[in-house]
Amino acid sequence: ERPATQPRAIVTPDGGMQVQAAPEVVDLATLTAASGALQPRDRSRAESQVAIRQIAANLDPEQLQPSRVSDSGAPIVDSNGIVVSGNGRVEALRQVYADPALRERAEAYRRSLGPQAEGMAQPVLVMRLPQMEQAELARFADLSNRSRIGAMSTTERAQRDAAAAGPEVMGAYQGGAFTAPANQEFFRAFTGGVVSEAERGA
């Protein structure tokens, strides 16, 4: 019973916008990464790349099925195949299909898609939006990248992260920019063990 093609309602994390989207299995090559107003996040950041790699290495097909909320589940694309929400998930799938070490993850995902994936080199389940105005797509992309919970203040986040990191990780910090060469060991330990996938930009 994978995946039905009937359109379903999807809401943004804050509940401020609802759209209809239909499940569809497409080839990865037909999808285009969002840019400009449709991509509020910087996918080139090291933190984002770390998060994407972690998603790929631990890919769970069940988490890429249709979701009620737009910031999770199958990637959401517009009528032209541009990824409006889920660019990180699409990039993770790209890595899964390309990396021989992740072959088992790729095969498990392919099996989860059922007969619709047959004959496709790199099948992906997406939720396809109907034709929408560019301004509405941009609003949907923006709202889809906002947290479901109230944001912590800078001080609150710093206190939380320092406590989660512990003295060993914090002791590796040499001062100055987190990404400075002297802080490489600290940066890897901190982003790998403290910063969540959502905060890294996945």
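Predicted model: local features only at pLDDT ≥ 70, side-chain atom pairs only at ≥ 80, totals over all residues.
Trainee: Is glutamate 91 buried, partly exposed or exposed, and what is its relative accessibility?
Mentor: Residues are numbered from 1 along each chain as its sequence is written, and side-chain values use heavy atoms, with hydrogens and water left out. Buried means under 20% relative accessible area, exposed over 50%, partly exposed in between (1.4 Å probe, protein chains only). Glutamate 91 is therefore partly exposed, at 28%.

Trainee: Which side chain meets glutamate 91 in a salt bridge?
Mentor: A salt bridge is a side-chain nitrogen of Lys or Arg within 4 Å of a carboxyl oxygen of Asp or Glu. The two partners sit 3 residues apart in helix α2, so about one helical turn separates them. The N to O distance is 3.4 Å, and the partner is arginine 94.

Trainee: Which residue pairs with aspartate 99?
Mentor: The salt bridge spans 2.7 Å, N to O. Aspartate 99 lies in the loop between α2 (87–98) and α3 (103–113), its partner in helix α1 (residues 46–57), so parts 46 residues apart in sequence are tied together. Helices (H or I, at least four residues) and strands (E, at least two) are DSSP runs, numbered from the N terminus.

Trainee: How many residues apart are arginine 128 and glutamate 24?
Mentor: Their side chains meet in a salt bridge of 2.7 Å, N to O. Arginine 128 is in strand β5 and glutamate 24 in strand β2 (residues 18–27), and the separation is 104 residues.
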